[in-house]
Amino acid sequence: MKILVPLKRVADPDNANKVKVNAGKLVTTGLEWKPNPFDEYAVETALRLTENGTATKTRQGEVVVVTFGPKDSETTLRAMLGTGADRAIRVDTGDDQIDGDVVARALKALVEKEKPDLVLCGKQAVDGDSGQVGQQLAEYLGWPQATFAGSIESEGDKALLVGREVDGGTIKLRVELPAVVSVDLRIVAPKSVKSVHTPATHAYPEGVRFAALMAIMAAKKKPLAEVKLADLTSDAAPKIQYLDYELPPARKAGVKVKDVTELVTRLKTEAKVV
Amino acid sequence: MSMLLSRRDLSFLLYEWLDVESLTKRERFSLHSRETFDAVLSTCERIATERFAPHAKKSDEEEPKLVDDVVVLPREVKPALAAFAEAGLVTAGMGAEVGGMQLPMAVEKAGFAYFLAANVGTASYPLLTIGAANLLLAYGSEEQIERYVTPMTTGHTFGTMCLSEEHAGSSVGDISTRAVPSPSGDRYRLFGSKMWISGGDHELSENIVHLVLAKVPGGPPGTKGISLFAVPKWIEGAGGARVRNDVSVVGLNHKMGYRGTVNALLAFGDGKHTIDGEAGAVGELVGELHGGMKAMFHMMNEARITVGLGAAALGSTAFLHSLAYARSRPQGRKLGERDATTPQVPIVAHADVKRMLLAQKAYAEGAIALGLYCANLVDEARTADTEEARDEAKRLLEILTPIAKSWPSQHCLEGTSLAIQVHGGYGYTRDYPVERMYRDNRLNPIHEGTHGIQAMDLLGRKVPMQGGRALFDLAARMRATIARALAVRDEGSQRLAGALEAMVARLGEVTAKVLGAGDPEKILANAAVYLEATGHVVLAWTWLELALVAGKNMGRAEDSDFYRGKLAACRYFFAYELPKVGPMLALVESLDTTTVTMKDAWF
């Protein structure tokens, strides 16, 4: 099976107290970047589907990771090559001159060229929290989709039985390949992914795998291609424009009220909440 | 941002200050690039954060127990160590011939610092194993490397170092463990007991190889008669069967901190597991007969730098925890604000809290810098282009080792104490991790040569060696930094350079006077004060180095807060700490003999 995994780097959420806005744009200099955690889960899922979990050195398929970003976002791709992905593609863009729709249309062109059996993506990126790329891509491709996957079971690599996390439980969908699947946190539990290669009894360690040192060295030799955004889509203008960013207002000091009557009055006339 | 170590700081130290990227021009490191260094640091941060840190509290609360002669540890320890070994971290700094990644030592140690910060109790097992493997690589025979080091590299065998006995700790020459050669002379049988053995017994690995100091009967007395032996827990019997060697746990020690590291009193050759019907632990000589101390120092010197780095890593994580607390804990208002209805400010706004945070920052970040500087010297001593440069690096490493071990152990312990203070009453409870960090850090001035032993090593051995050459080398490096600071045309740099220059000159003066005192008892009476004073001068120099880099790079980067923080910490060190050196050196210079003339009965 060949799997394409789109991957986004995000500013480390723990940097939040450093985020600055200048002239309506986020200042990204000096921020630490991390792979979007849900995308990392997608890479882990793709690796589990294309290997025998008891003998992971031999690959049983191909995992191609794709990111949209400037040259230094290749660090994120190399990191994924270090954990086991086979090949990487960087679509050359800025970090903030695109939106989900541009990404989905460019990915469509890339999918038509690469012809994967499956596109696996994170359910959303933890910076903008838009959660649109997977769904839009499926629509543009006319492929079946299953979102918020907490479990995946391969049926002979012809179809996937996907457990979707929904309010109040799990709903199981069968999607025929090729398809687009977006994954949620529980997909990296020890037995969430059942591939055709791994014995059913095998349990993975919880979470995503680490890049071993030798694999980091080997990743330097794995192919990493650069593609121009204009070669994938003629319309690279984002539909969403960010006008400004502002921090949530700081909490103001409270006031003391005499009695409940005053409280209710002020809630009505000043706060206008009742 | 990690709560273990600041990645931004590590990048600053490795790339902006030590320029480890330039090492990739040397053959040993030629396969590397900044990309691989960064990826390794990320792997370390990740495994430390996800597999080591989560059970640090549990390991502290559930100390190792001996149940039916088996050491029981929390179940999270073994998979954490398996992840460490599977990632190839045991051999990160070792040569390609044993499957190593040949990382520069500064990068390897920076990565390892994440584990020390996350969970020092669990990190001790690989620390000891890597040290034991490096010793065997330096002194072992090819067969010994194959037999012991190969399974260590994959995490199947762990190592220990067995020096102390109940009656002989710092005075290692007085050990009484005997090694009796077999009639054929190729094997020895060991008899005796060893105290304070970290990782002494456990079920975490398939085998444990103890590196044991013992005396072969008939040899010279004292340290000159000590030899080194490899004594595995399991040996190979007839037909490749695993046979239990005659090594057994007598009891476990119940420690204040570092509890995840099982610490045992071991009996060698007490007949509990006889081999071929006879008592005696079977061991192999490593290196030369009576050459045990030299070989063991290979492991100890490495361990001393790592102990200092461990103290710094604990100081760092305690600092980051107390900083996060100070930023989120509202308490009181700014001085002068009399309106009680205004919101409270976070305590980080108060000058006295900032003093405690600055002190921690100056101690922890300075100590990590010193540890990585020493690690870098190991690479210089091994791979510098000229013999002259390699020798200079070796001498600098000799003189800096006692300081790199002791200074962080003393001052980052104080740092962890301040981290508790910032938390107030909460810091004194076990609901917050800083009290554990303090207890963990309390070991560091004790093990791998106590503070007092390091003081004697510095003033009694390292300073006078080769006519004081190492100290001259160190002073020359400091003067070069001072000259660079003087060339920066701003008042601040000039003042810092002047202050350091005066202290370096004073240190030279006092050193000459003390060494001229003749009587060794008089010379060494205040060695600990001398060690602390010299350590403070070294750290002031380190901070001036860091401030120069920060000043230079501040102009072209937008994360100026980071660089301003470095400059402020440097200023703090020069204003609050360096002045302490004057009175310390005055005491040393006076050759005061209060401690020598004090009599036991007067206490």
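This is a predicted model: local features need pLDDT of at least 70, side-chain atom pairs count only at pLDDT 80 or more; totals for chains, interfaces and linings use all residues.
Two strands count as paired if DSSP finds at least two bridges between them. Residues are numbered from 1 along each chain as its sequence is written, chains are lettered from A and ligands numbered from 1 in the order in which they are written, and side-chain values use heavy atoms, with hydrogens and water left out. Helices (H or I, at least four residues) and strands (E, at least two) are DSSP runs, numbered from the N terminus.

**Strand pairing**

- In chain B, strand 4 (residues 178-181) and strand 5 (residues 188-198) run antiparallel and pair over four bridges.
- Within that pairing, Val180(B) has Arg189(B) in strand 5 of chain B as its bridge partner.
- Strand 4 and strand 5 of chain B make a hairpin with six residues between them, and Gly185(B) in the turn has a positive phi of about 85°.
- In chain A, strand 1 pairs with strand 8 (residues 62-69) in the parallel sense over six bridges, and Ile3(A) has Val63(A) in strand 8 as its bridge partner.
- Strand 1 of chain A also pairs in the parallel sense with strand 10 (residues 118-122), over two bridges, where Leu4(A) stands opposite Val119(A).

**Strand 1 of chain A and its cover**

- Strand 1 (residues 2-7) of chain A is mostly covered, with six of its six residues buried; buried means under 20% relative accessible area, exposed over 50%, and partly exposed in between (1.4 Å probe, protein chains only).
- In a regular strand the side chains alternate between the two faces of the sheet.

**Pro116(A) and its contacts**

- Pro116(A) sits in the loop between helix 3 and strand 10 of chain A, and its relative accessible area of 5% makes it buried.
- Leaving aside residues up to four places away in sequence, Pro116(A) touches Lys2(A), Ile3(A), Leu4(A), Val111(A), Trp143(A) and Pro178(A); contact means heavy atoms within 4.5 Å.
- From C-alpha to C-alpha, Pro116(A) and Val5(A) are 9.7 Å apart in space, although 111 residues apart in sequence.

**Backbone details in loops**

- Pro178(A) is joined to Leu177(A) by a cis peptide bond, with omega about 5°, and Pro178(A) is in the loop between strand 13 (169-176) and strand 14 (179-183) of chain A.
- Asp157(A) is not a glycine, yet has a positive phi of about 55°.
- The loop between strand 11 (145-155) and strand 12 (159-166) of chain A holds Asp157(A), which counts as buried at 19% relative accessibility.
- In chain B, His290(B) has a positive phi near 65° and is likewise a residue other than glycine.
- His290(B) lies in the loop between strand 12 (281-286) and helix 8 (292-328) of chain B, and is partly exposed with a relative accessible area of 27%.

**Helix packing**

- Helix 3 (residues 100-114) and helix 4 (residues 133-141) of chain A pack at an angle of about 45°, with their axes 9 Å apart. Axes are lines fitted to C-alpha atoms, for helices over the stretch in contact, and angles run from 0 to 180 degrees between N-to-C directions.
- Helix 3 and helix 4 of chain A are therefore oblique to each other; angles under 35 degrees count as roughly parallel, over 145 as roughly antiparallel, 65 to 115 as roughly perpendicular and the rest as oblique.
- The crossing of helix 3 and helix 4 of chain A is right-handed: a crossing is left-handed if the near helix is turned anticlockwise from the far one by less than a right angle, and right-handed if clockwise.
- Among the residues in this contact, Leu107(A) and Val111(A) belong to helix 3 of chain A, and Leu137(A) and Tyr140(A) to helix 4 of chain A.
- The residues of that contact comprise eight nonpolar, two polar and three charged; Ala, Val, Leu, Ile, Met, Phe, Trp, Tyr, Cys and Pro count as nonpolar, Asp, Glu, Lys and Arg as charged, and the others, Gly among them, as polar.
- Helix 2 (residues 34-52) and helix 4 (residues 77-86) of chain B pack at about 165°, with axes 10 Å apart, and are therefore roughly antiparallel to each other.
- Ile47(B), Arg51(B) and Phe52(B) of helix 2 of chain B meet Ala80(B), Leu81(B), Ala83(B) and Phe84(B) of helix 4 of chain B.
- By class, this contact between helix 2 and helix 4 of chain B has six nonpolar, no polar and one charged residues.
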